[in-house]
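Subject: Structure for you to look at

Dear colleague,

I am handing over the structure we talked about, and below it you will find what turned up when I went through it. Please keep it open beside this message while you read.

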Amino acid sequence: MKKKPELELFSPTQEGIIVPLSKYLNQMAEFAKAEWPGISISETHIKKAWAKLQKNEYLGDDAPDEMLEMYEKMSADSDMAEEMAEERLALPVVEAEVELTEDEPVNESLALVESVKQGLELSSFTTKFDIGSGMTQCVPRGEVEMKDWVAAFAFGLTLESGAQWIIGDSVVALENAGHDDVVNQLCANFKKSYPTVSGYARACRAFPAAKRDPMLPFTVYREIGNANFGEDSAKKQQELLEAAKNEKLSSTEVRNRVRNEQGKDDKPSGHRFLLLNVGNFSNSEVLRSMPQEVQEHQLLIDLGDKSWFDPAEGEWMKFGKEA
C-alpha cells in the first residue's frame, strides 16, 4: 500500500520556502519563541494544538492569547497547504527523462532545460536582464532567447530567498511564449516543489513589474496574488495591495484579510470576555461573545480591551492601572 505523502506547508521561519509537516512543527517552536517571547510555547504545546486543528477542535477557553494567535496562524497555513496538495494531485505526471526518436518532434521546453543544466554562466545574467531595485522584476535588456529565460529561472533558484520575482517572471515569460506545462516540466527537471514555483508565478502574473513596490515583501504579493476572489479578482487584489501599503500590514495580517474577503474567516476569534461572579468566583465564565444580560452579582470584563462594562452607565470603562 502506497504511503500517503507528508503534508507540505510554508515555513514559518524561512520566507517562501515549503517544508514537510514534521519540520514545520519544529520551526513553529522557533517562530513562537521569537514572536511571543513573554510566554513559553513548547513543541509539545504546538503538536497538541495541531492535533486539535486536525480534529476541527478549538483551543480551550483558558488558552493564552498567544496560543490562540498561533492556532489561527497554523489554521491558515494548513488551509493553504491543503489547497496546494489538491492542486498538485490534479497535475499530470511528467517524467524527468524523455527519450526522443528521430521522427518525433523535439520538445522545445525540455531541450531548453538541457541547454542550461550542464553549466550556467550566472556572472553574465545581469548583462541580459534588469532585476530592478530590490529584485522586484526580471526584464530583458535587449533581445533574448527562450533558453535565456530558463537560465534566468535557474539563476533565481540559486538566490531563492530573495529572488522569487525572478523565478516567477521566468515562468510567466515561458508560458506567454506558448510553452505548455512550464511549471511542471521545470520543477521535474530542477527538482523543485511545484506549489512553491506555481505560487511565485501566480504572484508575478497578478502583479507585473510596474505594479510592484520594493518596500513590500514578496510574501504580501504571494498571499494576495494567489487568492481567488471570483470575477472581481483583479480589482480585489489591487484593493488589498493598497491596504497592505497604506496600513503597513504584515504578511499574516494580509493573509487574514484575504481569508475574510473569501468568506473563510469562520473560526472563533481570540477575543474573550470574563463574566465574573463576584459572589462566587468558581461560577465565573470565559465567553467568546458578549452575553445578552449581565446580572447584579456579575461583572463583565473585556480581556482583550482591558475594560469592564458599567451597566448603570451603559458604557465600557477602562481599568485605571496596568501592572
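Which residues in α10 meet which residues in α12? T219, V220, E223 and I224 in α10 meet S251, V254, R255 and V258 in α12, where a contact means heavy atoms within 4.5 Å.

Before going further, please note that this is a predicted model, in which local features need pLDDT of at least 70 and side-chain atom pairs count only at pLDDT 80 or more, while totals for chains, interfaces and linings use all residues. Residues are numbered from 1 along each chain as its sequence is written, and side-chain values use heavy atoms, with hydrogens and water left out.

Helix α10 (residues 218–225) and helix α12 (residues 251–261) pack with their axes 9 Å apart and at an angle of about 10 degrees, the axes being lines fitted to C-alpha atoms over the stretch in contact and the angles running from 0 to 180 degrees between N-to-C directions. The two helices α10 and α12 are therefore roughly parallel to each other, a description that applies to angles under 35 degrees.

The structure holds zero disulfides, a disulfide being a pair of cysteine sulfur atoms within 2.5 Å. For C138, the closest cysteine sulfur is in C204, and at 9.1 Å it is too far for a bond. C138 is buried, with a relative accessible area of 4%, and C187 also counts as buried, at 6% relative accessibility; buried means under 20% relative accessible area, with a 1.4 Å probe and protein chains only.

Key:
Helices (H or I, at least four residues) and strands (E, at least two) are DSSP runs, numbered from the N terminus. Angles under 35 degrees count as roughly parallel, over 145 as roughly antiparallel, 65 to 115 as roughly perpendicular and the rest as oblique. Buried means under 20% relative accessible area, exposed over 50%, partly exposed in between (1.4 Å probe, protein chains only).
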